[in-house]
Amino acid sequence: MFRDNNISASRYSTKERPDWRRLEQTLESQVIDVLIVYETSRAWRKMHEWTALVELCAFNKARIHVTADNRTYDPNDDRAWTTLIEDGLDSEKESRKISKRVRRAMDANKQNGKPHSSPAYGYRIELDPNDHTKKIRVPVPEQVPIVGEVIERVASSDPLIAIAKDLNSRGIPSPSVAQGLKPHPRSKGPALWSPAMLRRICKNPVYIGKREADGILVNGTWPAIVDEELFWKANNVLADPSRKTTKPGRVKYLLAFHGTCDVCGSYLARMGGREVNRYRCNGPKGCVTIRMDWVDLFIGELACHRLAKKDIYEILAKNDDNQKNLTTELESLRAEHKEALHLRAKKKISLIALSQEEERILPRVAELEAALRPVTLPKVLEDLMRDAKGDLATIRARWKALAIPAQRDVLRSLFKSISIRPTKTMGQHKTEAQIESMLRERIAHEWHNE
Ligand SMILES: [Zn+2]
């Protein structure tokens, strides 16, 4: 038996492989009948070495048994020789592919142990009390609740600008002030909280104890300070393209730039110059207009009734279960990956073995992460329904207490579309019944999950 499991046989390995020399000598002395290798790809990744080995075995009349194939080859047989050489070639190809990824993983692992020189807000660098040669990232007690508050409020659809104003008015030092960075020479005072800073915080996986490597999140060496589910909820809120707002009308009115004109498909906008606010088709023709207060009330009622219905509970519960299963799978894969890295660090498995593990684990991790993000329910929707048990009055009261941006997020997760049809009965809406039947006729909507 010749073992060099712990030394990579790959073309890119730089370590010496002592057994190779001994194997050559042994083959030359013709004491081996059959050379056993686990599989060609694991045993010999250097094509020229593999070819030399096959030739050496042929010359010394030794057969080669490949455990993975469960076959014994006689290299003096032409067909067997071809198979062996082709396998070697395939292995080398594979090796060239793997080596790139291994090198990247190694670089990433190096960084893993050494936290970045300037830590994210919420953490600071300290010497490891167990090992003074190492630096570790530790939470800063007075900053942890601020990070938590920011992510929680963003997840609850609080506008970034409102959160920034609030933090500034409470005199909470912004990250650059808290970290003692010098203000910009032209700035008038210390840097204040801004929506951009809050966005950066919400998007930084460092707060869930992870870092990004090659587009995949892997566990870091520092503790998480924010619940992972909450973190992704906040990210979903920020990722919603209809939320990126430049026009103030988009956050002030429930359906502005969300609902559309049923005639031309343009968004609705607020119509200026009237005593009572109206939505108006924002297209060139301005096809439809409708009283804003009536529509908002009607849509709010639709949403509340929908949330009070049992079926949506069931839909959401199903999603939750499915999500839990996926989360469990994700966590166990991450644990396996961590274990593989750990074993590699202790040199108990080869680089190739690590690479093969990663090839199995990491693509699935990326897949699960992608699958988990969109199914995360908006926090505001959860809050509306929590313990309401389908009670319409409870849900309605909570709905009315929500700010417009939060209500807009609820609508986005419930409705596929809301559009306004032109009126057929101009000016005939005096009684409540007349108004309601007009709204029923003119407001078209489609639900998600239906
Ligand atoms: Zn229109």
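## Helix packing around helix 8

The axis of a helix is a line fitted to its C-alpha atoms over the stretch in contact, and the angle between two axes, taken between N-to-C directions, runs from 0 to 180 degrees. In this predicted model, helix 6 (residues 160-169) packs against helix 8 at an angle of about 105°, and the two axes are 8 Å apart. Helix 6 is therefore roughly perpendicular to helix 8, because angles of 65 to 115 degrees count as roughly perpendicular. On the side of helix 6, the contact is formed by L160, I161, I163 and A164, while helix 8 contributes P195, L198 and R199. Sorted by class, this contact of helix 6 with helix 8 holds six nonpolar residues, no polar residues and one charged residue.

Helix 8 (residues 195-203) also meets helix 5 (residues 144-155); their axes come within 10 Å and cross at roughly 95°. Helix 5 is thus roughly perpendicular to helix 8. Here V147, V150, I151 and V154 of helix 5 face L198, I201 and C202 of helix 8 in the contact. The contact of helix 5 with helix 8 has seven nonpolar residues, with no polar and no charged ones.

In soluble globular proteins, nonpolar side chains tend to be buried together. The largest nonpolar core in this model comprises 28 residues, and those with the most contacts inside it are L255, L268, Y279, V295, V410 and I420. Two or more residues of this core come from each of strand 9 (268-271), strand 10 (278-281), helix 11 (292-308), helix 14 (379-385), helix 16 (404-414) and strand 12 (415-420). Helix 11 gives the most, with six residues.

Apart from its neighbours within four places in sequence, V410 is in contact with A303, V380, L381 and L384. A second, separate core has 24 residues, including Y121, V150, I151 and Y207.

K61 is found in the loop between helix 3 (47-59) and strand 2 (63-66). K61 is partly exposed, because 13 other C-beta atoms lie within 10 Å.

K347 likewise has a positive phi, near 60°, and is a residue other than glycine. The loop that holds K347 runs between helix 12 (310-345) and helix 13 (351-375). K347 has 10 C-beta neighbours inside 10 Å and so counts as exposed, since the cut-off for an exposed residue is 12 or fewer.

Key: Residues are numbered from 1 along each chain as its sequence is written. This is a predicted model: local features need pLDDT of at least 70, side-chain atom pairs count only at pLDDT 80 or more; totals for chains, interfaces and linings use all residues. Helices (H or I, at least four residues) and strands (E, at least two) are DSSP runs, numbered from the N terminus. Angles under 35 degrees count as roughly parallel, over 145 as roughly antiparallel, 65 to 115 as roughly perpendicular and the rest as oblique. Two residues are in contact if their C-beta atoms, placed from the backbone, lie within 7 Å. Ala, Val, Leu, Ile, Met, Phe, Trp, Tyr, Cys and Pro count as nonpolar, Asp, Glu, Lys and Arg as charged, and the others, Gly among them, as polar. A residue is buried if 20 or more other C-beta atoms lie within 10 Å of its own, exposed if 12 or fewer, and partly exposed in between; C-beta atoms are placed from the backbone. A nonpolar core is a set of buried Ala, Val, Leu, Ile, Met, Phe, Trp, Tyr and Cys residues joined through C-beta atoms within 7 Å.
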